[in-house]
Amino acid sequence: MSTLIFKPGETPSSVTRVAVIGLGYIGLPTAAILAGKGLEVIGVDVNAAVVDAVNQGIVPFVEPDLGIHVAGAVSQGLLSAQLKTPVADAYIVAVPTPFTTEKTADLKFVQAAAESIAPNLRGGELIILESTSPPGTTQRMADYVLDLRPDLRASGEGGRTKVMFAHCPERVLPGRIMIELVTNDRIVGGLTAEAANVAAALYSTFCQGDIHLTDATTAEMAKLVENAYRDVNIAFANELSMISSKLGIDVWDLIDLANHHPRVNILEPGPGVGGHCIAVDPWFIVAADPTNSSLIRTARMVNDSKPAFVEKEVAENLIGLERPTIAALGLAFKANIDDMRESAAVEIVRRLARSYPESTILVAAPHEMGLPADLACEANVHHVETDVAVAEADVVVLLVDHDRFREIDARQLHGKRVVDTRGFWR
Ligand code: SAJ
């Protein structure tokens, strides 16, 4: 199937009742947006606390503007949540696709979602996979469903299955989800052209960007490629930061200068790449074709090597200090959010805590609201207010460029050794 742009209005959505399976960072915003368009939306989650929160109109994580959408939809009776997958016209699967220690995707949550949907099907439903997945996963999801419901398989040669399957990867940026869900272009890949069209009609109820139609495998790869592209470009910046440190030059000055070239646009180095997207998705491409993916694999390895490099930079600043106090500013994987998944900042604090047991590490985490379990168990790591961390520190390590840290003024840093992994205080 070549790519086409869906024309809104040409095929109106026939879906009135949607079940969204997985009420996390993607599922809950999508559920709230669809309910805001007047559809009846039932969110499904395995976590009873999440289900209870949503039914009270409460969002169990931090995302700007999501709370108002969820509270509004729940109070209008258009959004509710439950543990059991209901009967619906369309199912949106937005469950995690974690990666294993072998760096391949673990599809157990996709499989569980498919198995929960299968008994509810009557024929004619649309099942959409939104979770970021390796190529071929939409077909596997279809197989999970149809193995349980052979009555819905295609009959006769060239016949169509009685259920439609599509992949519509999410592409929203955490912190801007409620805006980007509406304004971003969308890719919709169907196992059949009909599935792509019906799914596009559903997304056109709220998506103001163009909706591009393709096949499911191309859609799966498009999502992975977008994040791998960013990872490769950040790896270039991170590699430059390490080379610059060796050469004794300021990497941010270097990048500023190079970016004055009309065709150069180098991204920003940092403490490493975190989050559950860019730090993970490129591995799904590597797993799909290990032989031809050396650049993508190397980029991942460069970015993954950055926390160890930052640890060394901090170590150089600890020389001559006895029982030092280190302020670690920020734990999230990027600015102004609370998400600590795959966060390089968390890894750096863990490394410092273990390499320097005689040190005290004061963590300021104004958005993250506390230490994750794997840091809380370190005896020399404590969560304190930002001003306290800075005041008591010998060495201040800026890990996340949270706006809150802009309030730290130069006088507070006077006389302290500073490791600024983000070029925040340049
Ligand atoms: N980072 C840098 N330097 C940069 C840019 C980012 O070190 O110049 C770091 C960040 O600090 C962070 C990580 O990279 O640790 C990822 O942050 P991000 O803002 O680049 O991306 P995410 O993970 O928040 O969201 C990405 C987005 N993908 C792309 O921009 C191609 C988003 O559109 C996707 O929807 C999301 O992944 C996803 O869910 O896949």
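Author: Welcome! Let's start with a definition: a helix here is a DSSP run of H or I with at least four residues, and helices are numbered from the N terminus. Keep in mind that this is a predicted model.

Reader: Thanks! With that in hand, which residue follows helix 1, and what is its phi?

Author: Glycine 38 follows helix 1, and its phi is positive, near 95°.

Reader: How many residues of helix 1 are buried?

Author: For a residue, buried means under 20% relative accessible area. By that cut-off, nine of the 10 residues in helix 1 are buried, so the helix is mostly covered. Among them are Gly27, Leu28, Pro29 and Ile33.

Reader: Which residues have a positive phi although they are not glycines?

Author: Aspartate 65 is one of them, with a phi of about 70°. You will find aspartate 65 in the loop between helix 2 and helix 3. Glutamate 342 also has a positive phi, of about 55°, without being a glycine. Glutamate 342 sits in the loop between strand 10 (325-329) and helix 12 (344-355).

Reader: Why does glutamate 342 count as partly exposed?

Author: Partly exposed covers the range between the buried cut-off of 20% and the exposed cut-off of 50%. Glutamate 342 has a relative accessible area of 38%, so it is partly exposed.

Reader: Now the rings. How many aromatic pairs does a search of the whole structure find?

Author: The search finds three. One of the aromatic pairs joins tyrosine 25 and phenylalanine 61, with 4.4 Å from centre to centre and 35° between the planes. Planes under 30 degrees apart count as stacked and those over 60 as edge-to-face, so an angle in between is called tilted. The pair of tyrosine 25 and phenylalanine 61 is therefore a tilted one.

Reader: Where in the chain do tyrosine 25 and phenylalanine 61 lie?

Author: The pair links distant parts of the chain, 36 residues apart. Tyrosine 25 is in the loop between strand 2 (17-21) and helix 1 (27-36), while phenylalanine 61 is in the loop between helix 2 (48-55) and helix 3 (66-75).

Reader: Is phenylalanine 61 buried or exposed?

Author: Phenylalanine 61 counts as buried because its relative accessibility is 13%. Tyrosine 25, at 22%, counts as partly exposed.

Reader: What sits over the ring of phenylalanine 424?

Author: That is the charged end of arginine 406, 3.8 Å from the ring centre.

Reader: Let's turn to the ligand. Which residues come nearest to it?

Author: There are 21 residues around the ligand, and Glu170, Val172, Lys223, Arg230 and Glu268 come nearest. By class, this shell has nine nonpolar, three polar and nine charged residues. Helix 8 (residues 216-247) gives the largest share of the shell, five residues.

Reader: What share of the ligand's exposed area does the protein bury?

Author: Taken alone, the ligand exposes 770 Å², and the protein buries 89% of that.

Technical notes: Residues numbered from 1 in each chain as written. Predicted model: local features only at pLDDT ≥ 70, side-chain atom pairs only at ≥ 80, totals over all residues. Heavy atoms only, no water. Near = heavy atom within 4 Å. Areas by Shrake-Rupley, 256 points an atom, 1.4 Å probe, with all protein chains shown as cover. Helix = DSSP H or I, 4+ residues; strand = E, 2+ residues; numbered from the N terminus. Nonpolar A, V, L, I, M, F, W, Y, C, P; charged D, E, K, R; others polar. Phe/Tyr/Trp six-rings, centres within 6.5 Å; stacked < 30°, edge-to-face > 60°. Buried < 20%, exposed > 50% of the residue type's maximum accessible area, 1.4 Å probe, protein only. Lys NZ or Arg CZ within 6 Å of the ring centre and 35° of its normal.
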